[in-house]
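Subject: Structure for your review

Dear colleague,

Please find below the structure I am handing over to you.

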Amino acid sequence: METEEFRATVHRRGQASILTLTGERAIGRVLQADPELVVLDLAGVGFMDVAGLRAVLAADRRLRASGKRLVLAAPPRSVRRLLSLTGHEQAVSVLDSVEAALDQDLR
């Protein structure tokens, strides 16, 4: 059985950090940079389990507590379904693309 390697890439654009995940799951060190907005690009994520969802929700709570935002960009159907099944589809902002997340006024 081959294990898919997890990779996280961070790009800064103005006051926003865009975290692009490939692989199975996780949210990393991006919160240490103290961005105003974290855009979590999920286009390359094939699967997210409840542990991954908990990490996303914890990051969202941490950012909101400091007056900042998290947006999930381009989540695949499986992630949208997980959000729906767990009743969290309204808990976090979800947009169709990174560009939509950066263009939308979230304040």
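The notes below begin with the chain as a whole and then turn to one helix.

This is a predicted model, in which local features need pLDDT of at least 70 and side-chain atom pairs count only at pLDDT 80 or more, while totals for chains, interfaces and linings use all residues. Residues are numbered from 1 along each chain as its sequence is written, and side-chain values use heavy atoms, with hydrogens and water left out.

The chain holds three helices and five strands, arranged along the sequence as β-β-β-α-β-α-β-α. Helices (H or I, at least four residues) and strands (E, at least two) are DSSP runs, numbered from the N terminus. Of its 107 residues, 38% are buried, where buried means under 20% relative accessible area, exposed over 50%, and partly exposed in between (1.4 Å probe, protein chains only). Of the contacts (heavy atoms within 4.5 Å) between residues at least 6 apart in sequence, 47% join residues at least 24 apart.

Helix H2 spans residues 77-85, and Val79, Leu82 and Leu83 are buried in it. These buried residues fall within an arc of 100° when H2 is seen down its axis, so they line one face of the helix; the arc is that of the directions from the helix axis to the C-beta atoms. Their cover includes helix H1 (50-65), strand S4 (69-73) and strand S5 (93-95). On the face of H2 turned away from the buried side lie the exposed residues Arg77, Arg81 and Leu85. Just after H2, Gly87 adopts a positive phi of about 75°.

With kind regards
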